[in-house]
Amino acid sequence: MDDKYKNKRRPENAELRRKIDLLLCEGDFFIKQNLKELDISDYRYDISEAVNELSLDEEIVRQLIEDYVIQILKSKISFYKYIHELKKDELESKPLDYTNIKDLAHKNLGVVRNLRIKDAQKLLEVIMHDEDLDYLRLCVKALEISALKLHPLCAYETLKLIEVKNSL
């Protein structure tokens with residue numbers, strides 16, 4: 001067994017692994033229950049579509065997918081922060097400015113369109129245009145689930161790094 005694999009099996013990583021397993025297991029149900037109208041709960045990514053349409057080597061597309069997963073898992077933190085700020089402004093009867101959320105969604109939308117990740121594309125389009133904060137929160141959670149499904153190991157490593165960074 002190589003050291004990289006042994007390191008991931010350490011007991012202190014068990015809780016994070018459990019959370020990821022739970023999200024993967026229950027993700028489609030969550031999406032089906034909360035975002036049925038988007039018709040993405042049974043979506044499965046097909047890398048060959050991106051490989052053929054972009055005329056790129058499959059290994060390059062896989063690397064781009066890893067980069068995307070990392071970016072989405074970092075972006076979800078910002079999405080939740082912006083939603084929280086808007087909720088606070090709403091409670092204080094301040095005008096709501098969705099610019100930050102829309103800009104971040106737009107930034108990520110180009111990547112998913114290029115990689116032909118159709119469920120994430122639908123979610124990001126909703127995030128760009130919808131202004132129901134509770135619904136936006138559901139869409140961000142679904143976006144996280146989508147990223148986890150694309151590459152669970154990359155997601156695990158990214159979430160572990162975020163956890164370590166936040167603990168410092």
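Trainee: Leaving aside neighbours within four places in sequence, which residues is Ala 120 in contact with?

Mentor: Ala 120 touches Tyr 68, Val 112, Leu 143 and Ser 146, where contact means heavy atoms within 4.5 Å. Residues are numbered from 1 along each chain as its sequence is written, and side-chain values use heavy atoms, with hydrogens and water left out. Keep in mind that this is a predicted model, with pLDDT of at least 70 needed for local features and 80 or more for side-chain atom pairs to count, while totals for chains, interfaces and linings use all residues.

Trainee: Is Ala 120 buried or exposed?

Mentor: Its relative accessible area is 0%, so Ala 120 is buried. The cut-offs are under 20% relative accessible area for buried, over 50% for exposed and partly exposed in between, with a 1.4 Å probe and protein chains only.

Trainee: And which helix is Ala 120 in?

Mentor: Ala 120 sits in α6. Helices here are DSSP runs of H or I with at least four residues, strands are E runs of at least two, and both are numbered from the N terminus. Ala 120 and Cys 139 are 19 residues apart along the chain, with 9.3 Å between their C-alpha atoms.

Trainee: How do α6 and α7 cross?

Mentor: Their axes come within 9 Å and cross at roughly 155°. Axes are lines fitted to C-alpha atoms, for helices over the stretch in contact, and angles run from 0 to 180 degrees between N-to-C directions. That is why α6 and α7 are roughly antiparallel; the label needs an angle over 145 degrees, with under 35 being roughly parallel, 65 to 115 roughly perpendicular and the rest oblique.

Trainee: Which residues of α6 make that contact?

Mentor: Asp 119, Ala 120, Leu 123, Leu 124, Val 126 and Ile 127 do, and their partners in α7 include Cys 139 and Leu 143. By class, this contact of α6 with α7 has eleven nonpolar, one polar and one charged residues. Nonpolar covers Ala, Val, Leu, Ile, Met, Phe, Trp, Tyr, Cys and Pro, charged covers Asp, Glu, Lys and Arg, and the others, Gly among them, are polar.

Trainee: What about the core: how many residues has the largest nonpolar one?

Mentor: It has 49, and those with the most contacts inside it are Tyr 68, Val 69, Phe 79, Ile 127 and Leu 143. A nonpolar core is a set of buried Ala, Val, Leu, Ile, Met, Phe, Trp, Tyr and Cys residues joined through side-chain atoms within 4.5 Å. In general, nonpolar side chains tend to be buried together in soluble globular proteins.

Trainee: Which helix gives the most to this core?

Mentor: α7 does, with eleven residues.

Trainee: At what angle do α4 and α7 cross?

Mentor: At roughly 165°, with the axes within 9 Å, so α4 and α7 are roughly antiparallel to each other.

Trainee: Last one: where is Lys 81 found?

Mentor: Lys 81 belongs to α4, and at 46% relative accessibility it counts as partly exposed. Lys 81 is 20 residues from Ile 101 in sequence and 9.5 Å from it in space, C-alpha to C-alpha.
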